[in-house]
Amino acid sequence: MRRLGRTTTGLAALAVLSLTASGCVTVHGERAIVPSATENEAAQALAAFTEAYNKADKAYDPALDAAHVTGALGAINQAGLKARQVNFPNGNPNHAPLELTDARFVIPKKAGWPRWFVADTDSNRDRDGGAQDSRWLLVFVRTGADAGWRAAYLTILSPQQIPPFKTDEDGYAEPVAPDSAALAVAPRNLSEEYASYMQSGKPDHFKAGPHTSVWRAVRAKGANVLGTSTQYIDQPLDTGDFAPLGLLTQDGSGFVFFSVRNFERQTAAKGVRLKVVPDVKALLTGEVKSSLTKERVSNLAVVVPPGNGGEPGQVVEVRGRLTGLTAAQGE
């Protein structure tokens, strides 16, 4: 795990995002197994993201950080800023700059594109050292030599929830291939299987917890409120910028980031008026007469145990989930 000291001045000095190729890349870089980034590149990417994020949050303008986000985080971030821009056209009245310090960079070695790394950081949004202590894990992705680094996933975890990653003698991490047979569930299958689990409870190898059994129970409880009925549809979101990314941990498990999309459709009985809150109204298309469909995107971080021939007790543990409204449709 690569580490920088806790300092905001260091981040400020690295505010310009480098678009040059890694110094480790050779003429045959697409085939060679090389570090996805240098530590300096990773620090620059984190600093550039933080600067752009703060500008966008202060102005509530999605254009100001659009070049620094992608995938699930990009969908959530851009839709959230768009909604707040409608509701607060003069900007964020409560803006407080985000600070990401104590950066620990987990940089895998791999061949080809995309290249990516994880920035394990301390934010100024928590209370250090106590029950509310947390770390922000940002996954940065770069799709080609001429592309910039963009943050595709964000997961906020307690320090105890972050596993120790397997590294080589130079401190570089080992990525998990999307189709890896070394894990109980291949990363490329996680989005589809999680969407299926949220719909039906099957497959049942997801560990009970707030992002699995509890979330299903909350949805079931709200499915039939007097005067309305609610249906949920969950869909995999696992290609392109939403592809899963995973790292091998020291115990042989996989720590995987992936995405899923869900729809919540509320239908009102005759004479019942559906409530539309401001953030939903800001993203609304159509007119809410008898139904309202909300579309959300989630990015998740899970621990997948090693594969052992399908033995009972193998469970995927969802450690974190970030969910945001991305669209709404009235009918």
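**Note on the predicted model**

1. P114 is placed in the loop that runs between β4 (109-110) and β5. The peptide bond leading from W113 into P114 is cis, and its omega lies near 0 degrees. The coordinates under review are those of a predicted model, and the remarks below should be read accordingly.

2. A cis peptide bond also joins K202 to P203, here with omega near -5 degrees. P203 belongs to the loop between α4 (187-200) and α5 (213-221).

3. On the overall fold, the protein chain contains six helices and 14 strands. Of its 331 residues, 49% are buried. Among contacts in the protein chain with a separation of 6 or more, 70% are between residues 24 or more positions apart.

4. Is N299 buried or exposed? Its relative accessibility is 0%, under the 20% limit, and N299 therefore counts as buried. The residue sits in strand β13.

5. With residues up to four places away in sequence not counted, N299 touches A72, L73, A152, Y153, L154, T155, F258, S259, G320, R321 and L322.

6. L322, one of the residues touched by N299, is in strand β14. Its relative accessible area is 25%, which lies between the limits of 20% and 50%, so L322 is classed as partly exposed. Neighbours within four places in sequence aside, L322 is in contact with L73, I76, L154, V297, S298 and N299. A distance of 9.1 Å separates the C-alpha atoms of L322 and A301, which are 21 residues apart along the chain.

7. The largest pocket has a volume of about 440 Å³. It is lined by 21 residues, and I76, N77, G80, L81 and R84 are the closest to its centre. Elements that contribute two or more residues to this lining are α2 (39-59), α3 and β14 (317-330). Which element supplies the largest share of the lining? That element is α3, with eight residues. I76 connects this point with the previous one, as I76 is in contact with L322.

8. L157 is located in strand β7. With a relative accessible area of 1%, under the 20% limit, L157 is buried. Which residues are in contact with L157, leaving aside its neighbours within four places in sequence? They are S134, R135, I162, F255, R319 and G320. The C-alpha atoms of L157 and R321 are separated by 9.5 Å, although the two residues are 164 residues apart along the chain.

9. Y60 has phi near 50 degrees and is placed in the loop between α2 and α3. Its relative accessible area of 8% falls under 20%, so Y60 is buried.

10. For D102, phi is likewise near 50 degrees, a positive value in a residue other than glycine. D102, however, is part of strand β3 (residues 100-106). At 5% relative accessibility, again under 20%, D102 counts as buried.

Definitions and conventions. Residues are numbered from 1 along each chain as its sequence is written. This is a predicted model: local features need pLDDT of at least 70, side-chain atom pairs count only at pLDDT 80 or more; totals for chains, interfaces and linings use all residues. Side-chain values use heavy atoms; hydrogens and water are left out. Helices (H or I, at least four residues) and strands (E, at least two) are DSSP runs, numbered from the N terminus. Buried means under 20% relative accessible area, exposed over 50%, partly exposed in between (1.4 Å probe, protein chains only). Contact means heavy atoms within 4.5 Å. On a 1 Å grid over the protein atoms alone, a cavity is a set of points where a 1.4 Å probe fits but cannot get out, and a pocket is an open set with protein on both sides within 12 Å along at least five of seven lines; lining residues have an atom within 4 Å of a point. Grid points are joined across faces, edges and corners, and a volume is the space filled by probe spheres set on the points.
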